[in-house]
Amino acid sequence: MEKMNSQERIVVEIIKLAENHADGLSNKELARLVETSESNVCRDLAIMEKHGWLARNNRGFWRLSSAFAGLANQIAKGFQTARLELSKEEEKYATAMR
């Protein structure tokens, strides 16, 4: 794997945490999967934890939190709002063309 910058590494860590959500991952396991040092992983996890994106399971392993999962809900709501606005605009144009 080619050397990643810290932003790329965090994205890969999130993907690996999502892939292993049921069991969670230790710092060491995540470092091995991402092919980086445990100190890099520790720094990255501290950032994600600070923003509420991580939680520990009953074994103390890292998992993505419900707050992280809530991001998908926010995106879905954004799509719903955009569709509603588009429907309103369509109706305005359809009314004007009658």
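What you see here is a predicted model, in which local features need pLDDT of at least 70 and side-chain atom pairs count only at pLDDT 80 or more, whereas totals for chains, interfaces and linings use all residues. Residues are numbered from 1 along each chain as its sequence is written, and side-chain values use heavy atoms, with hydrogens and water left out.

Let us start with the helices. The names come from DSSP runs, numbered from the N terminus: helices are H or I with at least four residues, and strands are E with at least two. Two packed helices are described by the angle between their axes and the distance between the axes. Each axis is a line fitted to C-alpha atoms, for helices over the stretch in contact, and the angles run from 0 to 180 degrees between N-to-C directions.

| Helix pair | Angle | Axis distance |
|---|---|---|
| α2 (residues 27-34) and α3 (residues 38-50) | about 110° | 9 Å |
| α1 (residues 6-19) and α3 | about 80° | 11 Å |

Sorted by class, the contact of α1 with α3 has six nonpolar, one polar and three charged residues. Here Ala, Val, Leu, Ile, Met, Phe, Trp, Tyr, Cys and Pro count as nonpolar, Asp, Glu, Lys and Arg as charged, and the others, Gly among them, as polar.

Which residues of α2 and α3 meet? From α2 come Asn-27, Lys-28, Leu-30 and Ala-31, and from α3 come Glu-38, Val-41, Cys-42 and Leu-45. The contact of α2 with α3 has five nonpolar, one polar and two charged residues.

Now for some single residues. Glu-38 belongs to helix α3 and is partly exposed, with a relative accessible area of 42%; buried means under 20%, exposed over 50%, and partly exposed in between, with a 1.4 Å probe and protein chains only. Leaving out residues up to four places away in sequence, Glu-38 touches Asn-27, Lys-28 and Ala-31. Glu-49 is also found in helix α3, and its relative accessibility of 44% counts as partly exposed. With the close sequence neighbours up to four places away left out, Glu-49 touches Leu-54 and Trp-62.

Is Val-34 buried or exposed? Val-34, in helix α2, has 0% relative accessibility and counts as buried. Glu-35, in the loop between α2 and α3, is exposed, with a relative accessible area of 54%. Most residues other than glycine have a negative phi. Glu-35 has a positive phi of about 60° although it is not a glycine.

Finally, the rings. A search of the whole structure finds one aromatic pair. Trp-53 and Phe-68 form this pair, which is edge-to-face, at 5.0 Å centre to centre and 75° between the planes. Rings of Phe, Tyr and Trp (its six-membered ring) pair if their centres lie within 6.5 Å, and planes under 30 degrees apart count as stacked, over 60 as edge-to-face and the rest as tilted. Trp-53 lies in the loop between α3 and β1 (54-56) and Phe-68 in helix α4 (residues 66-96), so the pair ties together parts that are 15 residues apart in sequence. Trp-53 is partly exposed, with a relative accessible area of 29%.

Another ring, that of Trp-62, has the charged end of Arg-56 over it, 3.8 Å from the ring centre. A charge sits over a ring if NZ of Lys or CZ of Arg is within 6 Å of the ring centre and within 35 degrees of the ring normal.

Methods:
Contact = heavy atoms within 4.5 Å.
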